[in-house]
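Work through these exercises with the model open beside you. Try each task before you read its solution.

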Amino acid sequence: MNKPTKDRNRGAETHQLERRMESKPRIGVFGVGYFKYWSQFEGLLEDLMKKQAVFLEKLGTHQVEVVDFGLVDDAQSAYALVPKLKAANLDLIFCDMLTYATSSTFGAVIKNMEVPIVLVALQPDKAMDYSRASTYMQLYNDDICSLPEFAGVAVRLGKQVPDVIIGTLHDDPQADALIGEYCRIAKVLHALKTARIGHIGHPIEAMLDMHTDATMLTAHFGVHVVQCEANQIVHQYVHQVSDAEVAEEEKRILSFFDTPDPVSDPISEKLKPADLSVAAKASLALKKFIAREALDGLAYYYNGEDNSATQLVMSNLIVGNSLLTSSGFPMCGESDLKTCLAMLIMDRLGIGGSFAEFHPVDFKENFVLVGHDGPHNISIAQGKPVLRSLKKYHGKPGFGAGVEFKIKEGPITMLSISSTFEGKFKFVIAEGESVEGPIPPTGNTNTRGFFKPDVRTFLTKWIKEGPTHHFALGIGHHASSIQKIANYLQIESVIVS
């Protein structure tokens, strides 16, 4: 999961996080037009297909697999398209509004497809040249003309109105940004319906909000939960990790982290060689375990017998988990499957996704500390993250290395996936800012989170939506993208603002 490079200043080998290999989402594209125009306006069909070729080129710049279904221009071709779309195993569909098209080109598709459909209306000219205007020119730029008709027909057929991208085909950063957003959303939807999420142990016994029905995760998200055993990792730790591998893994870990002296917390110490060795060995065992089980994520919590190998290993997955999470493999402590999925969603959106909860409020400066102990996403850290040896993991068994950093300063987004009384899921989403300032030197992550209009009002509104106490924390403001994903999954969502 890493690529070695040479540090020119020190001459030592350092490492860079490298994304794990992921399959690409499949996006289908079909254009729409009106068959009567082709005999009336020579060359119009060819010009419209050139427009679609430009749109296909735009999609080619993203990490997606594109399937071009050509043009639909009457009811018959729309009905013929449906089985082809279904057979293509698509994650998202773009309907390219090339000119006016009757809604018969769309009705059969929207009625029979469960895959999200986005209507794309990108006219080639920013404005018509009115002094030279013609019917041909109007039809060539008639991309938005059918949008109301298509939206109304979707409602009449019992479907949601599709999302829309409106703009110009050339030199339109806003439209290009939306295209990129929907490609990332397709990546999330693809990941959810193909993911294998490992689950070890159980939530901490008293955390009633954490318990999750794995079958309901499959029902609503598509993921498969792989029930695993702690001894599968312990076996790798005890029998399958060599001394040479451990030495190399120790060097790799130290290239990502600083190891400063302790500051004010009496349970923290400078990283001890013994703790580094255990963390490195556990990291290797974990990687071997997930490769063998073909996992895409892991939620875990396991006490183990006091002073046992199981307790030692399962309480020291923090460092290895943090490196895996940062390379596209979400790892979630306290056996929190719902937050593991929230982290996966954020990761595939390209915004990080770190395990978090609310810590003490600073009423003087109007922010709340946002963080957690355990594994975290160091790819979105502000500066170089820190490793400290902790004499105890508060509230949990064991001791060893702890990961400490704060999230990059600037805009942040939070996603809590909670469960309702009816057994359904709910997305609770919010945006805020990670602001500059010191954090507690406790060997845990913490970020100074600022939320409008003020911390007291925000926390009151957040709590009233019934979130879990954990959530995923990512960089940038992406609440609208996450809410679109909830809509596509038919999951209730709210943006706390």
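Predicted model: local features only at pLDDT ≥ 70, side-chain atom pairs only at ≥ 80, totals over all residues.

## Exercise 1: A bridge within one helix

**Task.** Explain why Arg252 and Glu249 are separated by about one helical turn.

**Solution.** 
- Step 1. Locate the pair. Arg252 and Glu249 are in helix α10, residues 243-256.
- Step 2. Look at the contact. Arg252 and Glu249 form a salt bridge, and their closest N and O atoms are 3.0 Å apart.
- Step 3. Check the cover. Both Arg252 and Glu249 are buried.

## Exercise 2: Two partners, two surroundings

**Task.** Asp91 and Lys193 meet in a salt bridge. Decide for Asp91 whether it is buried or exposed, then classify Lys193.

**Solution.** 
- Step 1. Start with the contact. The side chains of Asp91 and Lys193 come to 2.9 Å, N to O.
- Step 2. Asp91 is in the loop between α3 and β5 (92-97), and Lys193 is in helix α7. This pair links distant parts of the chain, 102 residues apart.
- Step 3. Classify Asp91. Its relative accessible area is 4%, so Asp91 is buried.
- Step 4. Classify Lys193. Its relative accessibility is 36%.
- Step 5. Widen the view. The structure holds 26 salt bridges. There is also a network of them that links Arg19, Glu22, Lys187, Asp347 and Arg348.

## Exercise 3: The largest pocket and the largest cavity

**Task.** Which residues lie nearest the centre of the largest pocket, and which lie nearest the centre of the largest cavity?

**Solution.** 
- Step 1. Take the pocket. About 750 Å³ of space lies in the largest pocket.
- Step 2. Read its lining. There are 28 lining residues, and Glu114, Val115, Pro116, Tyr488 and Gln490 lie nearest the centre.
- Step 3. Find the elements. α3 (75-87), α7 (173-194), α8 (214-221) and α16 (479-488) each give two or more residues to this lining.
- Step 4. Sort the pocket lining by class. It has 14 nonpolar, 7 polar and 7 charged residues.
- Step 5. Turn to the cavities. There are 3 cavities of 30 Å³ or more. The largest cavity has a volume of about 230 Å³.
- Step 6. Read the cavity lining. It has 21 residues, and Tyr300, Ser315, Ile318, Gly374 and Lys396 lie nearest the centre.
- Step 7. Find the strands. β11 (297-301) and β16 (400-404) each supply at least two residues of the cavity lining.
- Step 8. Sort the cavity lining. It has 11 nonpolar, 7 polar and 3 charged residues.

## Exercise 4: Backbone details

**Task.** Which peptide bond is cis, from Lys452 to what residue?

**Solution.** 
- Step 1. The bond from Lys452 to Pro453 is cis, with omega near -5 degrees.
- Step 2. Pro453 lies in the loop between β19 and α15 (455-464).
- Step 3. Glu334 has a positive phi of about 55 degrees, although it is not a glycine. Ser335 also has a positive phi of about 55 degrees and is not a glycine.
- Step 4. Glu334 is in the loop between β12 (331-332) and α14 (337-349). Ser335 is in the loop between β12 and α14.
- Step 5. Check the cover. Glu334 counts as buried at 5% relative accessibility, and Ser335 counts as buried at 2%.

How values were computed:
Residues numbered from 1 in each chain as written. Heavy atoms only, no water. 1 Å grid on protein atoms, 1.4 Å probe; cavity = no way out; pocket = protein on both sides within 12 Å on 5 of 7 lines; lining within 4 Å. Points joined across faces, edges and corners; volume = space filled by probe spheres on them. Helix = DSSP H or I, 4+ residues; strand = E, 2+ residues; numbered from the N terminus. Nonpolar A, V, L, I, M, F, W, Y, C, P; charged D, E, K, R; others polar. Salt bridge = Lys/Arg side-chain N within 4 Å of Asp/Glu carboxyl O. Buried < 20%, exposed > 50% of the residue type's maximum accessible area, 1.4 Å probe, protein only.
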